[in-house]
Amino acid sequence: MNRQSSTLTMQPVQSPASGPRRLAPGTLLKIAVPVVATAAALLIGLLIIATTGSSVRDAMEAFWDGMAGSGFNVGASINRAISLGFVGLGFIFANRANLTNVGGEGQLAIGGMIATAVALHGAASLPFGLAFVLPLVAGAVAGALWGGVAGWLKAWRGTNEVITTLLLTFIALPVVYWSVESVRLLRKPMTEVSSLPESAEIAAQTQLPMLFPDDPTSPMHIGLLLFVAAVAVIWVLLGRSALGLKLRAVGLNDSASRRAGIQTGRLVIVAMAVAGGLGGLAGAVLIQGQNHYLTNDFSSGYGFDGLVVGLLSRGSPLGVVVGALLFGFLRSGSIAMEISAQVPAAVVLICQGLIVIAVAGSTWLVDKKAGRK
């Protein structure tokens, strides 16, 4: 017995951690296929530009210049990505509970409108940086209430959140239009010089401070720091907290979660309120950091693009960062391409749609192949 035990102990033990670590099977495929699909979609976009009769070279030069031709353009692209990223984070947070928040555009619009109202009426006189903090908080709260309505209808009436968030968007956009059309609300006093339906410009104290105040060529503001903090918080909540575990349980099986003692109704409301709050914060950042005044179309589809960012991220906060940067730079490039090369910005919208189809289709193929194995 002793001889056997000594023989066993003398044999080398092979640890699974020994040797170089290798990526799990299919990991490289999951990374490579979406990248190739995105490149193919962009190539098709170049072919579309060629069919319009425009110079592909001029279009690409203008596109690149708009995205990253200068420090200012890079900063503007990142600023655009920030608002897209906030909406995308809200989408993946609600989606962890198997909720689909398609109302980012409406939540963004309401948040921007309320942030403008607070900035124009009293916030500018507040001390210690509260002048720009209070409109941000007000915009986030407004968006949270807007999203919470859909969560409440889902929790206590069983109303489909896709329908309610979409319909609430169709209410929010006219409300913003009404607010900038009425002098009694947010429209600036009409003069002979300016009669456009827009609000007055918010005071400098209520605008987001610049990230690099000593560099006048950089438009980046502290919204970038807020976004980084939001990414970290959402990552912890979804992956390292009891709340994230409960949200996942509700998303996988609502009935079983209820039997286990989880208050699923409250979690649904919380999930939608957080998603709406992040959307409202996106609108406040858009107003305070970029536009500085409210117009009826200030949202410019950021909410819908943010929804796509959330869809493509597959529930990953880091995926939201990548998608937001991609779409933010695409937006900047499309604006420059339309101005300098006379190429319709709709071409970039087509490219975005092709990217979504390509990435979603390639992901489905990769998952299907992994499932077969």
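Reader: How are α3 and α4 oriented to each other, roughly parallel or roughly perpendicular?

Author: Happy to start there. In this predicted model, α3 and α4 are roughly perpendicular to each other, because angles of 65 to 115 degrees count that way. The axes of α3 (residues 56-68) and α4 (residues 71-95) cross at roughly 75° and come within 5 Å.

Reader: Which residues make the contact?

Author: From α3, look at Asp 65, Gly 66, Met 67 and Ala 68; from α4, they meet Asn 73, Val 74 and Ser 77.

Reader: Now the backbone. Which value of phi does Asn 98 have?

Author: The general idea comes first. Most residues other than glycine have a negative phi. Here, Asn 98 has a positive phi, near 65°. Asn 98 sits in the loop between α4 and α5.

Reader: And what is the phi of His 292?

Author: His 292 is not a glycine, yet its phi is positive, about 70°. You will find His 292 in the loop between α11 (264-291) and α12 (302-313).

Reader: Is His 292 buried or exposed?

Author: Buried means under 20% relative accessible area. His 292 has 17%, so it is buried. Asn 98, with 52%, is exposed.

Reader: Which residues make the nonpolar surface patch?

Author: The patch is made by Leu 126, Phe 128, Leu 130, Val 133, Leu 134, Val 137, Val 141 and Leu 145, and covers about 750 Å². Take Leu 126: it lies in the loop between α5 (104-120) and α6 (130-157). With a relative accessible area of 32%, Leu 126 is partly exposed.

Note on methods:
Residues numbered from 1 in each chain as written. Predicted model: local features only at pLDDT ≥ 70, side-chain atom pairs only at ≥ 80, totals over all residues. Heavy atoms only, no water. Patch = residues over 30% accessible without salt bridge, like charges linked within 9 Å, V, L, I, M, F, W, Y side chains within 5 Å. Areas by Shrake-Rupley, 256 points an atom, 1.4 Å probe, with all protein chains shown as cover. Salt bridge = Lys/Arg side-chain N within 4 Å of Asp/Glu carboxyl O. Helix = DSSP H or I, 4+ residues; strand = E, 2+ residues; numbered from the N terminus. Buried < 20%, exposed > 50% of the residue type's maximum accessible area, 1.4 Å probe, protein only. Axes fitted to C-alpha atoms, helices over the stretch in contact; angles between N-to-C directions. Parallel < 35°, antiparallel > 145°, perpendicular 65-115°, else oblique. Contact = heavy atoms within 4.5 Å.
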